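Here is a friendly briefing to read alongside the structure. Keep the sequence and the 3D view open as you go through the points.

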Amino acid sequence: MGSGGKRGSAIFLAYLNGYGPEWADALGLRMAEIFSRPFRRLDVELDLGPSYDARRQQHEATLLLAGLLRHLPDAHSRIVGITSEDLFIPVLTFVFGLSQLGGPGALVSTHRLQNEFYGLPRDDRLFFERTVKGAIHELGHAFGLVHCPDYRCVMHAATYVEDVDLKDAGFCAECETLLERAQVGDEQAGADGRRQPQS
Ligand SMILES: [Zn+2]
Ligand SMILES: [Zn+2]
């Protein structure tokens, strides 16, 4: 590898099934600032049939994430899927995203991050900021971080989009320390670890 400042293996931002928002490259750049890793864009086609629940008109996040993981480019990388589909897990009405705690994969839905979903005027800047926060949050879980009690921290659990808006697009000091440790450990050990789903 080169001698650049970005350490560790690349993290892939995978846009699912033709989703190509205009901020796709900007998201990678923001993520690279936070995680000190190179981010590479992927376009991934998943079979959306198995995860679709016709009654709920939503996709089961766990199944979609499992499908995404089959596209992990190499065993030591991580992948963050970005979809405009609405996601759920059986115990919740919806989720903004899902990831495996300490695992290689994370999934973010932008479906409920747009003002239009709530009948409010379109706001592209707000939409992008919410997506940045969602992607950092889910990838934080993939690095082993759990929910943080500090409502300003990006690892705080968001039930409503208002919770997302209250957060910073970054980690509190404590989570930042944990992330640093995880990223160093990751370099040494690869992306192994516990694999519990987190939303
Ligand atoms: Zn925190
Ligand atoms: Zn979470």
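Predicted model: local features only at pLDDT ≥ 70, side-chain atom pairs only at ≥ 80, totals over all residues.

**A first stop: S36**

S36 sits in the loop between α1 and β2, and its phi is positive, about 55°, although S36 is not a glycine.

- Strand β1 is largely enclosed by the rest of the structure, because five of its six residues are buried.
- β1 is joined to strand β2 (residues 39-44) by six bridges, and the two run parallel. One pair to look for is I11 with its bridge partner F39 in β2.
- β1 also pairs with β5, again in the parallel sense, over five bridges. Here A14 stands opposite G81 in β5.
- For β5, six of the six residues are buried, so this strand too is largely enclosed by the rest of the structure.
- The residues of β5 point two ways: R78, V80 and I82 go to one side, I79, G81 and T83 go to the other, and all are buried.
- β5 is joined to β8 by five bridges, with the two strands running parallel.

**The nonpolar core**

- The largest nonpolar core has 40 residues, and those touching the most other members are A14, A61, V80, L107 and L139.
- Two or more residues of this core come from each of these elements: the strands β1 (11-16), β5 (78-83), β6 and β8 (105-109), and the helices α1 (24-35), α2, α3 (124-142) and α5 (173-189).
- Leaving aside residues up to four places away in sequence, A14 touches L42, V44, L68, H71, I79, V80, G81 and I82.

**Helices α1 and α3**

- The axes of α1 and α3 come within 10 Å and cross at roughly 45°. That angle makes α1 oblique to α3.
- The crossing of α1 past α3 is right-handed.
- At this meeting, α1 contributes L27, R30, M31, I34 and F35, while α3 contributes T131, V132, A135, I136 and L139.

**The open sheet of β3, β4 and β6**

- Three strands form an open sheet with mixed pairing, in the order β3-β4-β6. β3 (52-53) and β6 (87-88) stand at the edges with a single partner strand each, so one side of each has no neighbour in the sheet.
- β3 and strand β4 (residues 58-60) run antiparallel and are joined by two bridges. Within this pairing, Y52 has H59 in β4 as its bridge partner.
- Helix α2 (residues 61-69) packs on the sheet, where it touches β4 and β6, and its direction makes about 65° with that of β4.
- Q57 lies in the loop between β3 and β4. Q57 counts as exposed because it has 10 C-beta neighbours inside 10 Å.
- The phi of Q57 is near 55°, a positive value in a residue other than glycine.

- Strand β7 (residues 97-101) is mostly covered, with four of its five residues buried.
- β7 pairs with β8 in the antiparallel sense over three bridges. In this pairing L98 stands opposite L107 in β8.
- The hairpin has three residues between its strands, and G102 takes a positive phi near 70° there.

**Two exposed loop residues**

- L92 is located in the loop between β6 and β7, and it counts as exposed because it has 11 C-beta neighbours inside 10 Å.
- L92 and S199 are 107 residues apart in sequence, yet their C-alpha atoms are 9.9 Å apart in space.
- R122 belongs to the loop between β8 and α3. R122 is exposed because 9 other C-beta atoms lie within 10 Å.
- Not counting residues up to four places away in sequence, R122 touches N115 and E116.

Technical notes
Residues numbered from 1 in each chain as written. Chains lettered and ligands numbered in written order. Pairing = 2+ DSSP bridges. Contact = placed C-beta atoms within 7 Å. Axes fitted to C-alpha atoms, helices over the stretch in contact; angles between N-to-C directions. Core = buried A, V, L, I, M, F, W, Y, C linked by C-beta atoms within 7 Å. Buried ≥ 20, exposed ≤ 12 C-beta atoms within 10 Å, placed from the backbone. Parallel < 35°, antiparallel > 145°, perpendicular 65-115°, else oblique. Left-handed = near helix turned anticlockwise from the far one by under 90°.
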